[in-house]
Amino acid sequence: MNEANKDDVDAIIEQWAAVRPDLDTAPMELFGRIYRIGKAMGDAMEKAYARYGISRGEFDVVATLRRSGAPYTLSPRQLSATLMLTTGGMTGRLDKLEKAGLLCRRPDPHDRRGLQVTLTDRGLALIDEAVTAGLEVQRAALTGLSEEEVAVLTALLRKLLAAV
């Protein structure tokens, strides 16, 4: 491998090879890079969404409502299940987003014990801008890959995700 192409994971693998040459570190090379990419992109997305006054977690809530289609309404239980959050974690996010005017909570007309969470017009406008900004960040991260490489990588990661 060309020295210029080496990354931090290569240095870790070389250290293991020096002290434990018997180890097959191929999985460590792959998952080490996946973890580092995930962390770097997570940080970049957090920064992109911060311009809109929301965190990644809050983006996920507003985006889930947006993806649900008009009238952009789900129950807190549906949101929690989709985002794999506890109801307590969801309540905190909903409180902040409602205070910011991005969504509103109302009694469910079909279940007097339930609530409905709905995007406001402000929330709809914000998520449409924020998702575009996030996609720009992600697209920029892929500039070193060809369209074919992106397609192959996507297919391989889909296959890996299905296996874990």
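Student: What makes up the lining of the second largest pocket, by class?
Tutor: This is a predicted model, by the way. In that lining, four residues are nonpolar, five polar and five charged. Gly 114 is among the residues nearest the centre of this pocket, and it goes with the polar ones because Gly is counted there. Arg 77, also listed near the centre, goes with the charged ones because Arg is on that list.

Student: Which elements supply at least two residues of that lining?
Tutor: Those are α4 (76-83), α5 (87-99), β2 and β3. The pocket holds about 260 Å³ of space.

Student: And what classes line the largest pocket?
Tutor: There you get 17 nonpolar, six polar and three charged residues. Its volume is about 1,000 Å³. Of its 26 lining residues, those closest to the centre include Ile 37, Met 41 and Leu 157. Helix α2 gives the most, nine residues.

Student: How do you know that β1 and β3 count as paired?
Tutor: Pairing takes at least two bridges. Two bridges join β1 to β3 (residues 111-119), so the pair qualifies. The two strands run antiparallel, and Thr 73 stands opposite Thr 118 in β3.

Student: Why is β1 called an edge strand?
Tutor: The open sheet has the order β1-β3-β2. Both β1 (73-74) and β2 (103-108) pair on one side only, and that makes them the edge strands.

Student: What makes β1 a strand at all, with residues 73-74?
Tutor: A strand needs at least two residues.

Notes
Residues numbered from 1 in each chain as written. Predicted model: local features only at pLDDT ≥ 70, side-chain atom pairs only at ≥ 80, totals over all residues. Heavy atoms only, no water. Helix = DSSP H or I, 4+ residues; strand = E, 2+ residues; numbered from the N terminus. 1 Å grid on protein atoms, 1.4 Å probe; cavity = no way out; pocket = protein on both sides within 12 Å on 5 of 7 lines; lining within 4 Å. Points joined across faces, edges and corners; volume = space filled by probe spheres on them.
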